[in-house]
Amino acid sequence: MDSLLEGVNEAVSLDDFWKALVNLLDHTFPIQSCSMMYSIQDPNTLVARHHVGLGYPGLQVASNLAIASNFLAKHPQIKMYTFSQILTEDPGAQVRASEQQQASPEGWTEFVHLAFWNGASLDAVFSIRRGPNQERFTPAELTLLLRLHPVINAGLRRIRALGVQQEQRAVLERFFRRCPIPVIFLDSGLRLLYATQEALEVCSLWNHGAAMARRQHPRKSFQVPDDIAEVCRNLLAQPAPRPEDKAADEVRVVHPSAENLVARVRIDRPTRRGWMQPTLLVNFCAEQNLDGARLPAGKMSFELLQRLSANERRVALLVCEGHSNAVIAQKLGKSARTVECQLTVIFRKFQVANRVQLTRALT
């Protein structure tokens with residue numbers, strides 16, 4: 001039992017959590033089927049995952065709480081209830097159950113629901129069902145399921161919180177993908193947390209020089225430059241500065257052989273003591289990108305470039321350098337047809353008609 005609970009307690013995704021719950025039930029007592037119903041807007045609008053036990057091929061499992069809706073309305077915050085308990089207060093539930101089971105002749109005869117609440121709202125329901133050839137739930141089994149309630153509830157809260165964090169990170173990543181900002185985020189072990197495409201390209205330029213960098217895949221060849229890594233380690237080793245001396249948390253690094261290639265390294269320390277570790281931000285400043293194109297510095301140019309994907313930005317900047325589609329295709333390793341199609345998209349996004357108007361917009 002303890003080893004099975006470990007899987008439930010350690011799951012960090014809904015898929016793993018569901019598999020661990022099913023494994024726990026399969027090894028604890030016989031079931032006909034079980035379901036996890038969540039994202040509950042009303043009894044008929046929810047998301048569900050189902051598991052059908054051995055010996056019930058083709059069993060159709062319903063994905064709603066219509067049978068229990070009246071009972072739940074009368075018992076807010078209830079943690080566990082059974083179908084038999086519902087019938088004592090709501091005889092009409094038997095009719096709803098019969099209608100629900102018409103599509104599956106070998107329907108259940110009893111169920112137990114573990115209900116989980118988010119304030120006054122029903123957040124999720126874990127349903128365990130027994131079939132006609134199985135015994136009713138015993139008092140010992142019901143006691144065990146009730147003991148599992150806080151374990152499952154803690155798991156659901158953990159996974160919900162992780163889901164919120166993942167979505168927030170995805171939103172930030174989508175935002176940065178639209179921004180032509182060469183910035184890298186590193187954890188305290190100098191492992192890459194996130195980097196914009198421009199930052200990967202500048203980093204490759206820093207490490208290998210323009211000629212070799214153009215022949216490499218920026219993400220696959222990514223490595224924190226040695227001189228920047230050394231600055232990061234020094235910042236991590238220093239005690240946190242006083243609030244009035246926050247400038248000590250930022251260091252300017254100049255490329256050893258290219259003075260126009262500069263990085264600003266900043267350490268972002270946790271606001272509270274605990275398990276959180278500092279994050280390092282590396283913001284590159286360069287006059288040219290990987291393709292040798294000048295980088296526009298104006299506010300209007302920056303806002304316009306946000307409308308483009310990273311690949312479209314490279315094409316647009318090379319157009320501003322006066323290169324033909326054939327030359328751009330050669331520089332980027334694309335076909336001339338691909339460059340032509342991308343340029344058409346760029347014109348549409350900028351609402352310009354030709355290369356001259358595009359160049360004026362970005363210069």
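Reader: Is Cys232 buried or exposed?

Author: Cys232 is buried, at 0% relative accessibility. Buried means under 20% relative accessible area, exposed means over 50%, and partly exposed is in between, with a 1.4 Å probe and protein chains only. This is a predicted model, where local features need pLDDT of at least 70, side-chain atom pairs count only at pLDDT 80 or more, and totals for chains, interfaces and linings use all residues. Residues are numbered from 1 along each chain as its sequence is written, and side-chain values use heavy atoms, with hydrogens and water left out.

Reader: Which cysteine sulfur is closest to that of Cys232?

Author: The one in Cys203. The two sulfurs are 10 Å apart, so they are too far for a bond.

Reader: New topic: rings. How many aromatic pairs are there?

Author: Ten. Rings of Phe, Tyr and Trp (its six-membered ring) pair if their centres lie within 6.5 Å; planes under 30 degrees apart are stacked, over 60 edge-to-face, and the rest tilted. One of the pairs is Phe176 with Phe185, which is edge-to-face. Their centres are 5.7 Å apart, with 65° between the planes.

Reader: What does Phe176 do with Tyr194?

Author: Phe176 and Tyr194 make a tilted pair, 6.2 Å centre to centre and 45° between the planes. Phe176 lies in helix H6 and Tyr194 in strand S7, so the pair ties together parts 18 residues apart in sequence. Helices (H or I, at least four residues) and strands (E, at least two) are DSSP runs, numbered from the N terminus.

Reader: Which ring has the charged end of Arg130 over it?

Author: The ring of Phe137. The charged end of Arg130 is 4.3 Å from the ring centre. The rule is NZ of Lys or CZ of Arg within 6 Å of the ring centre and within 35 degrees of the ring normal.

Reader: Now pockets. What volume does the largest pocket have?

Author: About 550 Å³. On a 1 Å grid over the protein atoms alone, a pocket is an open set of points with protein on both sides within 12 Å along at least five of seven lines, and lining residues have an atom within 4 Å of a point. Volume is the space filled by probe spheres set on the points, which are joined across faces, edges and corners.

Reader: What lines the largest pocket?

Author: 13 residues line the largest pocket, and Arg169, Leu172, Phe185, Leu193 and Thr279 lie nearest its centre. H6 gives the most, with four residues.

Reader: And the second largest pocket, what's its volume?

Author: About 380 Å³. Its lining has 20 residues, and those nearest the centre include Pro180 and Leu295.

Reader: Last one: where is Met212?

Author: Met212 is in helix H7. At 37% relative accessibility, Met212 is partly exposed. Met212 and Pro76 are 136 residues apart in sequence and 66 Å apart in space, C-alpha to C-alpha.

How values were computed. 1 Å grid on protein atoms, 1.4 Å probe; cavity = no way out; pocket = protein on both sides within 12 Å on 5 of 7 lines; lining within 4 Å. Disulfide = S-S within 2.5 Å.
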